[in-house]
Amino acid sequence: MFDNLSDKLDRAFKVLKGQGQISEVNVAETSKEIRRALLDADVNYKIAKNFADSVKEKALGQDVLTSVSPGQLFTKITHDELASLMGGESTDINLKGSPAVILIAGLQGSGKTTFSGKLSNYLKKKKGKNPMLVAADVYRPAAIDQLHVLGEQINIEVYSDKENKNPVEIAKAGITHAKSKGFDVVIIDTAGRLAVDEQMMNEIAAVKQAINPSEILFVVDSMTGQDAVNTAKAFNDRLDFDGVVLTKLDGDTRGGAALSIRSVVDKPIKFVGTGEKMEALDVFYPKRMADRILG
Ligand code: GDP
């Protein structure tokens, strides 16, 4: 995960980790290397520049030049800044409501259906909840079947109605069904498109309005870099979602989405997907992610 970024940052710190006299020029040069490493990871220019400037300022402010181990101090400053760029503290999922209703949104192929299954599995096994899934992707019957297959695999009930093409009605009927059967969390998997379009946004906004969910999670493929960030912005402008789920972090992702999304949409990353299996889901901890990036 983020191997290239880790290597580049490690190389950036080399000068400061060496023995010789450290100068302001070395610090400036290192900060430039950091900026380059972030740009290579597909972080947008403004965020990369602000980040590098802030690290430099803090380093000079904290007397890196006279420190006994400037490399270490610089790494620590970068670590703290990386964690803060990704949101600082971890943010829990909101499960208020009876049942708590969680709406899942995102583009087709982002990993929504897989994540819906993973989340229900996580809530059942790790949080002692009794969740139910609702298949509200009215365009892809295959997505409904896929959710049923996942549900069977993890032993979670899936509500669907293939005859109904109205996602608002399906979502409402799913919640009513869940109430009558005593489920305490309802996770609604919605339809996506290959790109942001008005009809999809209208539809999901209508579902939001009709069911007033406790939590809206936006799912995005981390491999898509800055596109992921732009898509997040488009969905957030329309839906004002509560959190982000970054999928496919097990792939060869460069890291740009993880590093940029928070500063662009100001919403926390709550979960990351790390594989196709139902267990491949992690709660997102910015500090731990910063640890991994800096090795
Ligand atoms: P949807 O169209 O948004 O519902 O996307 P799907 O849930 O169908 O996922 C699209 C593809 O991505 C499927 O082949 C999934 O198995 C795969 N996928 C989803 N999440 C992950 C992940 O975290 N890691 C990997 N490697 N693959 C994933």
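**Entry 1: the whole protein**

I began with burial: 53% of the 295 residues in the protein are buried. I am working from a predicted model. I looked up the elements next and found 11 helices and 8 strands. I then took the extent of the C-alpha trace, which spans about 75 × 40 × 30 Å along its principal axes.

For the surface, I noted that the protein exposes about 13500 Å². Carbon and sulfur atoms supply 47% of that area. I also checked the contacts between residues at least 6 apart in sequence. Of these, 76% join residues at least 24 apart.

**Entry 2: the sheet**

In what order do the strands of the sheet stand? I read it as β3-β2-β4-β1-β5-β6-β7-β8, an open sheet of 8 strands with mixed pairing. I looked at the edges next. β3 (158-159) and β8 (281-283) stand there, each with a single partner strand, so one side of each is left without a neighbour in the sheet. I reminded myself that strands of a sheet pair through backbone hydrogen bonds, either parallel or antiparallel.

**Entry 3: strand β1**

Strand β1 covers residues 100-106 and runs parallel to strand β5, residues 215-221, with 5 bridges joining them. β1 also pairs with strand β4, residues 185-190, in the parallel sense over 5 bridges.

I followed single residues across these pairings. Leu103 has Ile188 as its bridge partner in β4. In β5, the partner of Leu103 is Ile216. Ile102 has a bridge partner in β5 too, Glu215.

Is β1 enclosed or open? I found 7 of its 7 residues buried, so β1 is largely enclosed by the rest of the structure. I then sorted its residues by direction. Ala100, Ile102, Ile104 and Gly106 point one way, while Val101, Leu103 and Ala105 point the other way, and all are buried. In a regular strand the side chains alternate between the two faces of the sheet.

**Entry 4: the largest pocket**

I turned to empty space. Rolling a probe the size of a water molecule over the atoms shows where such space is left. The largest pocket has a volume of about 210 Å³.

Which residues line this pocket? I listed Gly111, Thr114, Phe115, Lys118, Thr247, Lys248, Asp250, Gly273, Thr274, Gly275 and Glu276. By class, I noted 1 nonpolar, 6 polar and 4 charged residues in this lining. Helix α5 (residues 112-127) gives the most to it, with 3 residues.

**Entry 5: the cavities**

How many cavities of 30 Å³ or more does the whole structure hold? My search found 3. The largest cavity has a volume of about 60 Å³.

I wrote down its lining: Ala136, Pro167, Thr190, Ala191, Met200, Glu203, Ile204 and Val207. Helix α8 (residues 198-211) gives the most here, with 4 residues. By class, I noted 6 nonpolar, 1 polar and 1 charged residues lining the largest cavity.

Definitions and conventions
Residues numbered from 1 in each chain as written. Predicted model: local features only at pLDDT ≥ 70, side-chain atom pairs only at ≥ 80, totals over all residues. Heavy atoms only, no water. 1 Å grid on protein atoms, 1.4 Å probe; cavity = no way out; pocket = protein on both sides within 12 Å on 5 of 7 lines; lining within 4 Å. Points joined across faces, edges and corners; volume = space filled by probe spheres on them. Helix = DSSP H or I, 4+ residues; strand = E, 2+ residues; numbered from the N terminus. Nonpolar A, V, L, I, M, F, W, Y, C, P; charged D, E, K, R; others polar. Buried < 20%, exposed > 50% of the residue type's maximum accessible area, 1.4 Å probe, protein only. Contact = heavy atoms within 4.5 Å. Areas by Shrake-Rupley, 256 points an atom, 1.4 Å probe, with all protein chains shown as cover. Pairing = 2+ DSSP bridges.
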